[in-house]
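Trainee: Please walk me through this model.

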Amino acid sequence: MKRTLVIEAGATKTEWAVSGKEVMRFRTAGINCSVMPLEAIVNVVAEAEEYLRDISEDITEIRFYGAGLVAGESIIVLDKEFKSVFPNAVIAYGSDLLAAARAAWGRNKGIVAILGTGSNSGFYDGSTIVENIRSGGFILGDEGGGASLGKALIADHIKGLLPKELERRLSEIYDVSYENIVRNVYRGKNAAGYLASFAPFVLENRDIEGVDAMIEYNLRNFVRRVLLRYDVGSYDVAVVGSFGCACREDLVRIGKEYGVRFAEFIKSPVEVLVKEW
């Protein structure tokens, strides 16, 4: 039985799906080819191999969509790993933004936005991404994403600017000592993922005064600085990513103020891609 393996890799998690009578799905740690050491990428692929070993010879096509995917050493390593386990597979590579656009718009035109750990966006012409406002990553951009929201929270925490009740709740759940924060942000293997891990906490504590404003500022920045750069008067926006879906009501409300129409929200594109592409 010929099978297709679709991989959608982000900084926090990687979604794997295999075609068949019933789609086989599982999740591993994230892969970001632009920032992760090669050894870490190899370890994630090895983790996935355990799920797929029994059907490895049936897989004839692999479609890998990844964050930070550029030609170079990382693709060479991925090729080597995949071919060693899936000897019959033809492998194609594309960006996570292309994966999001294909899942959201199929072969139609539209604007696509990824809001997960980071953020990205593009205009899709029904085949490929033809316009892209560069993300800048969690240091220079990623407006609207989970890491950006987490960074705002932690920045206020280390300056002593958080409301007392929010500070109390934060300290009960996390080790937010200054030393631990600095270690994870400046010496950790996945600083963006670390910062994004605080985003759910922010969303869960909207009952505290000031938290809504923090969320609002993050999302409004994305709409103003990114989405309004596209032709939002002619095309709708589809949002892909679990963080974006969690902020759906806020985005729709803010979008109306600026004439941005959000047409669809998709948590993960991988199941659509394995069935339709």
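**Pockets, helices and a hairpin**

Trainee: Where does the largest share of the lining of the largest pocket come from?
Mentor: The largest share is four residues, and it comes from H8. Helices (H or I, at least four residues) and strands (E, at least two) are DSSP runs, numbered from the N terminus. Please note that this is a predicted model, in which local features need pLDDT of at least 70 and side-chain atom pairs pLDDT 80 or more, while totals for chains, interfaces and linings use all residues. Residues are numbered from 1 along each chain as its sequence is written, and side-chain values use heavy atoms, without hydrogens or water.

Trainee: How much space lies in the largest pocket?
Mentor: About 1100 Å³, counted as the space filled by probe spheres set on the grid points. A pocket here is an open set of points on a 1 Å grid where a 1.4 Å probe fits, with protein on both sides within 12 Å along at least five of seven lines; lining residues have an atom within 4 Å of a point.

Trainee: Which residues are the closest to its centre?
Mentor: Of the 46 lining residues, Gly10, Ala11, Gly116, Thr117 and Gly118 are the closest to the centre of the largest pocket. Elements that give two or more residues to this lining include strand E1 (3-9), helix H3 (96-105), strand E7 (119-124) and helix H9 (199-204).

Trainee: How do the residues of that lining divide?
Mentor: The lining of the largest pocket has 17 nonpolar, 22 polar and seven charged residues. Asp, Glu, Lys and Arg count as charged, Ala, Val, Leu, Ile, Met, Phe, Trp, Tyr, Cys and Pro as nonpolar, and the others as polar.

Trainee: And what volume does the second largest pocket have?
Mentor: Its volume is about 280 Å³. The lining of the second largest pocket divides into eleven nonpolar residues, no polar ones and one charged. H7 gives the most, five residues, and H4 and helix H5 (146-158) also give two or more. Among the lining residues are Phe138, Lys151, Tyr178 and Leu195.

Trainee: Which residues of H12 are buried?
Mentor: In helix H12 (248-258), they are Asp250, Leu251, Ile254 and Gly255. These residues line one face of H12, because they fall within an arc of 125° seen down its axis. The face turned away from that buried side carries the exposed residues Glu249 and Lys256. The arc uses directions from the helix axis to the C-beta atoms.

Trainee: What comes just after H12?
Mentor: Glycine 259, which takes a positive phi of about 75°.

Trainee: New topic: in what sense do E2 and E3 pair?
Mentor: Strand E2 (13-18) and strand E3 (24-29) pair in the antiparallel sense over six bridges; pairing requires at least two bridges found by DSSP. Tryptophan 16 has phenylalanine 26 in E3 as its bridge partner. The hairpin joins E2 to E3 through five residues.

Trainee: Where is glycine 20 found?
Mentor: Glycine 20 is in the loop between E2 and E3, and counts as partly exposed because its relative accessibility is 32%. Leaving aside neighbours within four places in sequence, glycine 20 is in contact (heavy atoms within 4.5 Å) with Met1 and Arg3. The C-alpha atoms of glycine 20 and threonine 4 are separated by 8.2 Å, although these residues are 16 residues apart along the chain.

Note on methods:
Buried means under 20% relative accessible area, exposed over 50%, partly exposed in between (1.4 Å probe, protein chains only).
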